[in-house]
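Let's take a friendly walk through a protein model. Have the sequence and the 3D view ready, and follow along as each residue comes up.

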Amino acid sequence: MSAVEDRIAQLGLSLPETATPAGVYVPAVRTGRYVYTAGQLPLVSGTLPTTGKVGAEVTPEEAKDLARTAALNALSAVKSVAGDLDRVARVVKVTGFVASAPDFTGQPGVINGASELLGEVLGDKGVHARSAVGVAVLPLDAPVEVEVQVELTD
């Protein structure tokens, strides 16, 4: 097990199996030293734990936890093409999408769940640029979706 996966275990988490795509795409693509993930939903064993809009059916706190799960799924997608999470030199960019009720404006706080998880797991290598975007709806009525771009070591 890699040092990164050891850290994940120390946090009481486990790296999930890479999610099966819901369409015609792959979970992650490597080009040179970079890995780009597809948007990752907060699936747990292939199922969404909750659905709906943040600020309506889903609380911001619930959505923040879901963003952590989506980030963990993104790390699994990275591993699927990098082979080993210890090869991550740094997280470059995180883009988070939040299915939002019309009056909900707390998208950055929700996506902090993903950013915090990456920091807890990768330390300084997890510090990244980020966008947090409110959207009308996400696939499968998921409350959040996260995509990650990472740079690998040689």
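In which loop does Ser45 lie? Ser45 sits in the loop between strand S2 (34-37) and H2; here helices (H or I, at least four residues) and strands (E, at least two) are DSSP runs, numbered from the N terminus.

Before going on, note that this is a predicted model, in which local features need pLDDT of at least 70 and side-chain atom pairs count only at pLDDT 80 or more, while totals for chains, interfaces and linings use all residues. Residues are numbered from 1 along each chain as its sequence is written, and side-chain values use heavy atoms, leaving out hydrogens and water.

**Two loop residues**

Most residues other than glycine have a negative phi. Ser45 and Leu140 each have a positive one, as the table shows. Leu140 belongs to the loop between strand S4 (129-135) and S5. The table also gives relative accessible area, where buried means under 20%, exposed over 50%, and partly exposed in between (1.4 Å probe, protein chains only).

| Residue | Phi | Relative accessible area |
|---|---|---|
| Ser45 | near 55° | 77%, exposed |
| Leu140 | near 60° | 57%, exposed |

**The nonpolar cores**

In soluble globular proteins, nonpolar side chains tend to be buried together. A nonpolar core is a set of buried Ala, Val, Leu, Ile, Met, Phe, Trp, Tyr and Cys residues joined through side-chain atoms within 4.5 Å. The largest one in this model has 36 residues, and Leu75, Val110, Leu118, Leu122 and Val150 have the most contacts inside it. At least two residues of this core come from each of helix H1 (3-10), helix H2 (60-82), strand S3 (88-99), helix H3 (107-122) and strand S5 (144-152). The biggest share, 11 residues, is from H2. Apart from this core lies another, of 6 residues, including Leu41, Leu43, Leu48 and Ala99.

Contact means heavy atoms within 4.5 Å. Beyond its neighbours within four places in sequence, Leu118 is in contact with Ala71, Leu75, Val91, Val94, Gly123, Gly126 and His128.

**Two buried strand residues**

Thr37 is in strand S2 and is buried, at 8% relative accessible area. A polar atom of its side chain lies 2.9 Å from the backbone nitrogen of Val148.

Leu152, in strand S5, is also buried, with a relative accessible area of 0%. Leu152 and Val35 are 117 residues apart in sequence, yet their C-alpha atoms are 7.5 Å apart in space. Not counting residues up to four places away in sequence, Leu152 touches Val35 and others, among them Arg30, Ala82 and Val88.

Notes
A polar contact is a pair of N or O atoms within 3.5 Å; within protein, one must be able to donate a hydrogen and the other to accept it, and residues adjacent in sequence count only if both atoms are side-chain atoms.
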